[in-house]
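Work through these exercises with the structure open beside you. Try each task before you read its solution.

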Amino acid sequence: MTFSSNAQAIEQLKWRKFPVLNDGFVCLVDCMGDDSAVVQAARVSYGEGTRQRSDDRTLIRYLLRHRHTTPFEMAELKFLIRVPMDCWRQWIRHRTASVNEYSTRYSVAIDSMQETAPHEWRTQAVQNRQGSGVELPPDLGERLTAEEHHFQLQARQLYMQRLEAGVAREQARKDLPLSTFTEAYWKIDLHNLLHFLALRSDEHAQAEIRAYARTIGEQIVSQLFPMVWEAFGDYRVRALQLTALDVGVIQRLVARPRATEAIHWTETDFLDSQDPSWAGLPRSRERDECRRKLEQLGMLPPHAMETV
Ligand SMILES: Cc1cc2nc3c(=O)[nH]c(=O)nc-3n(C[C@H](O)[C@H](O)[C@H](O)COP(=O)(O)OP(=O)(O)OC[C@H]3O[C@@H](n4cnc5c(N)ncnc54)[C@H](O)[C@@H]3O)c2cc1C
């Protein structure tokens, strides 16, 4: 989609439900500001005459690169979202948003639960204790999906039976599963939204919440704030942060004469080098992270790592 103005983009996007998971959605309710609102706020610091030296795109890229955050707080977005409770539990941890959620004390819980298709069941990751591994075999997936369906029906039936027996809604809901969808209005400024998107679209985040972050970013933010979105991709999403350990390892690796003209250095280059920052590193997680960055830079061959 391309829009001739931000107002037109907002009108086109407003109230449009972008589907996520089997019955979730993300919907833009309103938006205040655009790329130029970020620029306008930043220019107040630099005074007259900045425009000649730096156009809007260059300024936005500079601000994002150097973490000058407050100009990005000048824009605000309000969403209506429908999300399963397990994702919502993670979502609500982002304290810098304003939230109003559907109340299952006032109203009957939404009659919809997040369903998992047979091919969507994942193994527990071995290395990353919080993450998922690979896809489970299809026959097992079929069984898990059928069991899930049966359980969700039973849970809903029990809930409805409690309501019919006169149990208070606030108590009857207690055994509804985490797959139950909730809805909320969620308003956040652009700076904190980008922070949310960076954390929740990262491969370490749960696949389900990643689907929401991707939808918000790709379907909405990219349309309303094209310059900010481009800079966010370049300086956050596709950027690589090097720690002191990473820098030291890379410097020593590059300085070290190589035995062969192979494209990559090898694991032995590190381990044999007696590099204290590498070989003697007590925590393997930091080493693994460093290794992964070297792979991304094409300095080490890809390692057989589990998918997350
Ligand atoms: C992959 C992943 C795994 C996670 N695992 C866990 C887990 O196992 N257990 C768990 O409990 N949580 C976990 N979290 C949640 C995480 O610790 C944060 O609570 C969540 O991501 C919200 O981030 P935030 O605080 O930066 O965001 P926000 O709450 O939106 O805050 C944005 C920024 O504002 C500032 N800020 C906000 N409130 C305060 C405050 N009161 N004091 C000072 N500064 C403030 C901080 O700079 C903060 O970074 C996980 C998150 C991710 C992405």
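**Exercise 1. Two helices**

How near do the axes of helix α1 and helix α9 come, and at what angle do they cross? Then classify the pair and describe the contact.

*Solution.* Keep in mind that this is a predicted model.

Step 1. Find the helices. Helix α1 covers residues 6–13, and helix α9 covers residues 207–224.

Step 2. Read off the geometry. The two axes come within 9 Å and cross at roughly 155°.

Step 3. Classify the angle. Angles over 145 degrees count as roughly antiparallel. Therefore α1 is roughly antiparallel to α9.

Step 4. List the contact. From α1 come Asn6, Ala9, Ile10 and Leu13. In α9 they meet Ile220, Gln223 and Leu224.

Step 5. Sort these residues by type. Five are nonpolar, two are polar and none is charged.

**Exercise 2. The sheet**

In what order do the five strands of the open sheet stand? Work out the edges and the pairings.

*Solution.* 

Step 1. Write the order. It is β1-β2-β3-β7-β4, with antiparallel pairing.

Step 2. Name the edges. These are β1 (17–20) and β4, each of which pairs on one side only.

Step 3. Recall how pairing works. Strands of a sheet pair through backbone hydrogen bonds, either parallel or antiparallel.

- Strand β2 (residues 24–32) is joined to β3 by seven bridges. Here Phe25 stands opposite Arg82 in β3.
- Strand β3 (residues 76–84) is joined to strand β7 (residues 181–189) by nine bridges. Leu80 has Tyr185 in β7 as its bridge partner.
- Strand β4 (residues 98–101) is joined to β7 by four bridges. Glu101 faces Ala184 of β7 as its opposite residue.

**Exercise 3. A helix on the strands**

Which strands does helix α8 lie across?

*Solution.* 

Step 1. Locate the helix. Helix α8 spans residues 190–200.

Step 2. Helix α8 lies across β3 and β7.

**Exercise 4. Around the ligand**

Which residues are around the ligand, and how do they divide by type?

*Solution.* 

Step 1. Collect the residues. They are Arg93, His94, Arg95, Thr96, Gln130, Asn192, His195, Leu199, His204 and Ala205.

Step 2. Sort the shell. Two residues are nonpolar, six are polar and two are charged.

Definitions and conventions: Residues numbered from 1 in each chain as written. Predicted model: local features only at pLDDT ≥ 70, side-chain atom pairs only at ≥ 80, totals over all residues. Axes fitted to C-alpha atoms, helices over the stretch in contact; angles between N-to-C directions. Parallel < 35°, antiparallel > 145°, perpendicular 65-115°, else oblique. Contact = placed C-beta atoms within 7 Å. Nonpolar A, V, L, I, M, F, W, Y, C, P; charged D, E, K, R; others polar. Pairing = 2+ DSSP bridges. Near = placed C-beta within 6 Å.
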